[in-house]
Amino acid sequence: MNRELSTVVETATERTRGGADAPGAPHVHLAHIRFADLDPLNHVNNVRMLTYLEDARISFLQWDAADGDGRLFGGLVVARHEVDYVHPLLLRREPVRVETRVTEVRNASFSLAYEIRDDDRVYVRARSILVGFDLETQGVRRLTDPERAYLHTHLTPDA
């Protein structure tokens, strides 16, 4: 890995994980439940769970991590979501953790696994496939070396 690429990856990794976690450790995003997130049965609405995943994904990908143009990742689209609702999530004061792991890195795509959880229970398990996307051509693009290097620092294939 060249020096410039190494610096980008180290900076993005430090910002994402605060420098405290071992390689492959999940990225943790705290989701605060709002009253507006509840359905008529007072559970967090299933669609809102996807919003929690989106917030965690944006936090993990560090859209503002600095490379030449001020961000680490280029265009991406979500190609697939799989969501298992394991246990109802109710309104509470304490945030829940959204733990995000990279499970696969390919030439033009990568897979993420998530859990929405607290210390006692898992509420949601989910997976997403994201694909590099070129806005100008409106087509698939290959992931760049810095993108792939960053993702590999978070890779936990057994997740």
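Leaving aside neighbours within four places in sequence, Arg 141 is in contact with Gly 74, Gly 75, Leu 76, Ala 108, Gly 132, Phe 133, Asp 134 and Glu 147, where contact means heavy atoms within 4.5 Å. This is a predicted model, in which local features need pLDDT of at least 70 and side-chain atom pairs count only at pLDDT 80 or more, while totals for chains, interfaces and linings use all residues. Residues are numbered from 1 along each chain as its sequence is written, and side-chain values use heavy atoms, with hydrogens and water left out.

Arg 141 sits in the loop between β6 (139–140) and α3. Helices (H or I, at least four residues) and strands (E, at least two) are DSSP runs, numbered from the N terminus. With 15% relative accessibility, Arg 141 counts as buried; buried means under 20% relative accessible area, exposed over 50%, and partly exposed in between (1.4 Å probe, protein chains only). Ala 108 is 33 residues from Arg 141 in sequence, yet their C-alpha atoms are 6.0 Å apart in space. The side chain of Arg 141 reaches the backbone oxygen of Gly 75 at 3.0 Å. The side chains of Arg 141 and Glu 147 are joined by a polar contact of 2.8 Å. A polar contact is a pair of N or O atoms within 3.5 Å; within protein, one must be able to donate a hydrogen and the other to accept it, and residues adjacent in sequence count only if both atoms are side-chain atoms.

Ser 128 is another buried polar residue to look at, with a relative accessible area of 1%. Ser 128 belongs to strand β5. Its side chain makes a polar contact of 2.7 Å with the side chain of His 81, and another of 3.0 Å with the side chain of Tyr 114. Beyond four places in sequence, the residues in contact with Ser 128 include Arg 57, Phe 110 and Leu 112.

Now turn to helix α2. Its 16 residues (46–61) should span 22 Å at 1.5 Å a residue, and the end C-alpha atoms are 23 Å apart, which agrees; the expected span is 1.5 Å times one less than the number of residues. The buried residues of α2 are Met 49, Tyr 52, Leu 53, Ala 56, Arg 57, Phe 60 and Leu 61. Seen down the helix axis, these buried residues fall within an arc of 160°, so they line one face of α2. The arc is that of the directions from the helix axis to the C-beta atoms. An α-helix has 3.6 residues a turn, so residues three or four places apart point the same way. At the N-terminal end, Asn 45 caps α2, with a side-chain oxygen 2.7 Å from the backbone nitrogen of Val 47. Just after the helix, Gln 62 takes a positive phi of about 50°.

The whole structure holds 11 salt bridges, each a side-chain nitrogen of Lys or Arg within 4 Å of a carboxyl oxygen of Asp or Glu. One of them joins the side chains of Arg 48 and Asp 37 at 3.0 Å, N to O. Arg 48 lies in α2 and Asp 37 in the loop between β1 (27–31) and α2, so the pair ties together parts that are 11 residues apart in sequence. Arg 48 is partly exposed, at 24% relative accessible area, whereas Asp 37 is buried, at 1%. A salt bridge also joins Arg 125 and Glu 115, at 3.2 Å. This pair links strand β5, which holds Arg 125, to strand β4, which holds Glu 115, 10 residues apart. Salt bridges that share partners also join Arg 97, Glu 99, Arg 101 and Asp 119 into one network.
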